Amino acid sequence: MEAVIPATGLLSLPSNPQTRAFRTISNPRTCFPSASIRAHTSAPSSDGLRWRERNPSFSQPRTPLDAQRSLLYNLSRGSWRKGESFPVCGAGASAITADGGGFVEEKPKPKFLGIEVKTLKKIIPLGLMFFCILFNYTILRDTKDVLVVTTKGSSAEIIPFLKTWVNLPMAVGFMLLYTKLSNVLSKEALFYTVIFPFIAFFGAFAFVMYPLRDAIHPTGLADKLLAALGPSFLGPVAILRIWSFCLFYVMAELWGSVVISVLFWGFANQITTVEEAKEFYPLFGLGANVALIFSGRTVKYFSNLRKYLGPGVDGWAISLKGMMSIVVLLGLVICALYWGVNTFVLNDPSLPRSQRKKKEKPKLSMKESLKLLLSSRYVRDLATLVVAYGISINLVEVTWKSKLKAQFPSPNEYSSFMGDFSTATGIATFTMMLLGRVILRKFGWGVAAMVTPTVLLFTGVGFFSLILFGEPLAPLLGKLGMTPLLAAVYVGALQNIFSKSSKYSLFDPCKEMAYIPLDEDMKVKSKAAIDVVCNPLGKSGGALIQQFMILTFGSLANSTPYLGGILLVIVLSWIGAARSLDSQFSPLAKQELAKEKLLKEKVKEPVVKPSQENNEGLVEEEVATKENGSLLGSSASENSTNESALKEMLAPESKSSSENPTPHDH
């Protein structure tokens with residue numbers, strides 16, 4: 001039965017409401033033109049003329065609030081009637097010329113490939129910047145391992161000591177310096193102040209420091225220390241022996257954390273809107289893997305230059321100069337793109353700006369973080385996933401690089417293999433990012449979260465089995481043209497490739513989705529606790545375990561059986577935590593989806609059809625009602641990508657349960 005609203009002083013609603021976006025009044029003169037302008041459109045009624053004579057101030061500019069009040073007041077009194085001209089309020093409808101001579105239709109915004117040109121002016125330079133930064137990072141990441149692993153007097157055993165006692169303190173010191181500089185420099189000056197030292201160092205290293213390595217490295221002092229301390233301290237002594245190479249290692253690591261995370265993403269978040277970020281940030285992730293593929297081919301090309309050089313020529317020095325020249329050139333391109341965006345794009349007043357406010361994150365102490373982690377089983381399982389991944393990757397990667405040096409002792413051969421490794425990682429990650437959405441939607445959160453530890457488990461067992469029990473398999477592997485060492489290198493490479501690709505495509509999205517069903521207070525506190533405790537513990541835990549094993553058993557090779565056992569225990573704990581978290585996450589996720597559906601039903605406005613006799617003297621209006629309601633409009637625009645993935649993942653389950661309803665159907 002249709003309800004009827006009394007007509008006295010109220011605006012009537014049509015029986016069939018149509019969707020129409022509501023626009024606020026941007027200019028009173030546009031919505032309330034003067035009498036001279038109104039004469040061009042229609043002949044007003046005598047009541048309207050008499051009303052304007054009594055109210056001469058109507059044609060004067062007013063604030064939007066006053067204009068809206070006047071309109072509603074006259075509508076309620078019946079002063080505006082059907083035969084009278086009624087101006088359309090909205091910026092998209094029409095505009096008045098400067099001389100007030102009439103209405104001019106607003107021109108459509110230019111687009112290219114369905115995207116507004118003014119948006120492309122920001123996104124294309126950002127995409128090119130991201131490509132150049134990731135291209136450089138891949139070259140630097142492959143080169144740093146070659147320098148510290150293949151150099152005489154050093155080995156892969158240096159990596160855990162280098163990460164703990166050199167990389168971590170320098171990262172902390174750099175961030176303290178960055179914080180100080182951010183308080184005294186402008187954003188542009190801060191960007192250049194941070195990135196130019198990186199560019200200058202990498203250029204100086206290839207053309208100055210590396211050619212003078214024999215003069216600046218204290219080889220004699222390092223030999224004396226190693227003789228006094230014993231072979232167990234090969235890693236710590238090597239940091240002193242090749243200090244310039246270690247400095248390159250740290251600067252390459254900082255390029256990834258500072259230039260990518262701080263400079264680029266800070267700049268991107270500053271100039272993009274939320275809608276642009278949702279649409280284009282995933283494309284940046286795909287572009288990063290394209291950069292990985294091309295940079296891997298570049299490393300491969302320069303590493304193979306040794307084949308075309310004569311005897312007695314330092315082929316690695318030539319390759320290093322070529323790769324660092326590209327790094328310097330692309331670094332300058334990054335600066336030029338940054339300057340161009342700030343000079344020519346951000347000064348455009350028509351460009352949409354980011355209106356996002358920085359969210360206040362709770363700062364939990366170490367004690368508070370540990371208390372929260374121990375009090376909640378859900379958060380405890382989530383923390384186990386993060387810590388287990390960090391430790392597992394470190395345990396496998398360092399052991400694999402030690403075998404990689406044994407197979408490829410030459411810097412050029414080692415670097416050439418790393419170039420192929422980077423290309424394969426880029427291709428695998430690109431493919432997995434495309435498949436990750438399908439896996440989440442078809443198989444659910446539990447299966448997606450189990451992929452990464454399962455891959456690590458099977459490849460880890462194969463890798464350590466080839467190292468520990470490779471000799472009995474030598475005849476079989478010989479028929480395939482491989483030695484047990486080469487087979488272990490290939491299996492370790494596959495382990496690193498697939499574990500990293502599944503991490504980016506499945507592990508990270510699953511980890512972020514796990515926060516969604518939590519209430520707001522627990523969500524922010526648990527994320528802060530994991531950032532404070534679990535991320536550092538995962539990154540440094542593997543390095544600390546390896547240091548203890550090396551100092552206890554004398555070398556990394558002697559520690560391999562124990563490292564394999566530790567890896568097995570950690571991965572099995574990871575799988576158990578993933579299953580436990582899935583048993584808690586899935587019901588909470590379904591409850592979250594049910595709450596959203598219930599909220600949508602509550603927000604829907606009932607449509608009321610007024611009687612025909614009560615419509616006399618009033619303007620018939622079309623009322624816009626969206627499915628989610630206008631009250632949810634602003635919040636819906638800020639939903640995260642992970643929440644959308646959660647809905648898509650649960651959609652098939654909801655559909656099937658609706659077809660076969662049960663007492664527990666949500």
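Thr399 is buried in this predicted model, with a relative accessible area of 1%, where buried means under 20% relative accessible area, exposed over 50% and partly exposed in between (1.4 Å probe, protein chains only). Residues are numbered from 1 along each chain as its sequence is written, and side-chain values use heavy atoms, with hydrogens and water left out. Because the model is predicted, local features need pLDDT of at least 70 and side-chain atom pairs count only at pLDDT 80 or more, whereas totals for chains, interfaces and linings use all residues.

Thr399 is placed in helix α15 (residues 377–407); helices (H or I, at least four residues) are DSSP runs, numbered from the N terminus. When neighbours within four places in sequence are left aside, Thr399 is in contact with Phe463, Phe464, Ile467, Leu556, Thr560 and Leu563, contact meaning heavy atoms within 4.5 Å.

Apart from neighbours within four places in sequence, the contacts of Trp255 include Ile195, Phe198 and Phe202.

The structure holds 11 salt bridges, each defined as a side-chain nitrogen of Lys or Arg within 4 Å of a carboxyl oxygen of Asp or Glu. One of them joins Glu253 to Lys144, with the closest N and O atoms 3.1 Å apart. Since Glu253 lies in helix α11 and Lys144 in helix α5 (residues 117–150), the pair ties together parts that are 109 residues apart in sequence. Lys144 counts as buried, at 3% relative accessibility.

Within helix α15, Glu397 and Lys401 lie 4 residues apart, about one turn of the helix, and form a salt bridge whose closest N and O atoms are 3.8 Å apart. Glu397 is buried, with a relative accessible area of 14%, as is Lys401, with 6%. A network of salt bridges links Lys144, Asp145, Glu253, Glu397, Lys401 and Lys500. Arg377 and Asp381, also both in helix α15, meet through their side chains in a salt bridge (3.9 Å, N to O); Arg377 counts as partly exposed at 43% relative accessibility, whereas Asp381 counts as buried at 10%.

Helix α16 (residues 411–443) bends by about 35° at Leu435, the bend being the angle between axes fitted to the seven residues ending there and the seven starting there. Gly444, which follows α16, has a positive phi, near 95°.

Notes:
Helix = DSSP H or I, 4+ residues; strand = E, 2+ residues; numbered from the N terminus.
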